[in-house]
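Visitor: I'm new to looking at protein models, and I'd like to zoom in on one part of this one. Could you walk me through it slowly?

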Amino acid sequence: MTVRPLTARGERTRAALIVAARTVFERDGFADARLTDITVEAGCATGSFYTYFDSKEDILDAVLAAAQEEILHPGMPHGEPDSDDPIATIEAANRAYFQAYRRNAKLMMVREQVAGISPDFRQKRVERGHVFIERNARGIRELQEAGLADADLDPVQAARALSGMVSRMAYQSLGVGGADNIEDLVFTATRLWANALGLTRK
């Protein structure tokens, strides 16, 4: 469990460790990253690490939490969907997600690496993903209630399938591949979302 510091100096040290950890993880990968590399990068003593974190997995979780506002799950945005043009709303959300994924592609590759070897970390990832699947499900449900989306679809199952599709597209194209055109991805993902939900442009 991460210990939250109580002093301003402690907050600065913890923040510096998180920034340093991201640098080291992206440079060396999770398996080859050493705690001493992180503390050297942060400019603090090795013993300071254990004041705030228990392990490499623990600080990686903190790195991902710090990036959470930017690396959003694909799909419906926060708040009410735009009932006048829900396809444009989904398109904008997909574009923002792909752009954020590209900016954070190295960190996303580290996340995939650790999720494959650490059951505890994988469970945390699943729990974090549920928040965004629930958000997308609310958006789909609102579109159904407005008579704009296929009423026979289960909102949660649809959100899980469509969010997973876009997430995997980002991984394959921008993480592993690293060279796909963002607008091509946006067009394809948005068309598939719209077709799956039964949405049409007015």
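Visitor: In which kind of crossing, right-handed or left-handed, does helix 7 pass helix 8? Please take a close look at that spot, and then show me what lies around it.

Guide: Happy to! Keep in mind that this is a predicted model. Helix 7 passes helix 8 in a right-handed crossing. To find the pair, look for residues 119-145, which make up helix 7, and residues 155-177, which make up helix 8. Two packed helices are described by the angle between their axes and the distance between the axes. Here the axes of helix 7 and helix 8 come within 8 Å, and they cross at roughly 120°. Because of that angle, helix 7 counts as oblique to helix 8.

Now for the residues that do the touching. On the helix 7 side you'll find Ile133, Asn136, Ala137, Ile140, Arg141 and Gln144, and they meet Pro155, Val156, Ala158, Ala159, Arg160 and Ser163 of helix 8. Sorted by type, the residues of this contact are seven nonpolar, three polar and two charged. A handy bit of background for reading such lists: an α-helix has 3.6 residues a turn, so residues three or four places apart point the same way.

Next, step over to helix 6, residues 105-115. Helix 7 and helix 8 are among the elements that cover its buried residues, and so are helix 1 (8-28), helix 4 (56-66) and helix 5. The residues tucked under that cover are Ala105, Leu107, Met108, Val110, Arg111, Val114 and Ala115.

Another one joins the side chains of glutamate 183 and arginine 95, at 2.9 Å from N to O. This pair ties together distant parts of the chain: glutamate 183 sits in helix 9 (residues 182-197) and arginine 95 in helix 5 (residues 86-103), 88 residues apart. Glutamate 183 is partly exposed at 38% relative accessible area, and arginine 95 is partly exposed as well, at 24%. Then there's aspartate 37, which forms a salt bridge with arginine 34, their closest N and O atoms being 3.0 Å apart. Aspartate 37 counts as buried at 18% relative accessibility, whereas arginine 34 is exposed at 52%.

While you're in that stretch, check out threonine 39 in helix 2 (residues 35-42). With 1% relative accessibility, threonine 39 counts as buried. Setting aside its neighbours within four places in sequence, threonine 39 is in contact with Leu17, Cys44, Ala45, Thr46 and Phe49.

Finally, zoom out. The chain has nine helices and zero strands. Of its 202 residues, 45% are buried. And if you take the contacts between residues at least 6 apart in sequence, 69% of them join residues at least 24 apart.

Definitions and conventions:
Residues are numbered from 1 along each chain as its sequence is written. This is a predicted model: local features need pLDDT of at least 70, side-chain atom pairs count only at pLDDT 80 or more; totals for chains, interfaces and linings use all residues. Side-chain values use heavy atoms; hydrogens and water are left out. A salt bridge is a side-chain nitrogen of Lys or Arg within 4 Å of a carboxyl oxygen of Asp or Glu. Buried means under 20% relative accessible area, exposed over 50%, partly exposed in between (1.4 Å probe, protein chains only). Helices (H or I, at least four residues) and strands (E, at least two) are DSSP runs, numbered from the N terminus. Contact means heavy atoms within 4.5 Å. Axes are lines fitted to C-alpha atoms, for helices over the stretch in contact, and angles run from 0 to 180 degrees between N-to-C directions. Angles under 35 degrees count as roughly parallel, over 145 as roughly antiparallel, 65 to 115 as roughly perpendicular and the rest as oblique. A crossing is left-handed if the near helix is turned anticlockwise from the far one by less than a right angle, and right-handed if clockwise. Ala, Val, Leu, Ile, Met, Phe, Trp, Tyr, Cys and Pro count as nonpolar, Asp, Glu, Lys and Arg as charged, and the others, Gly among them, as polar.
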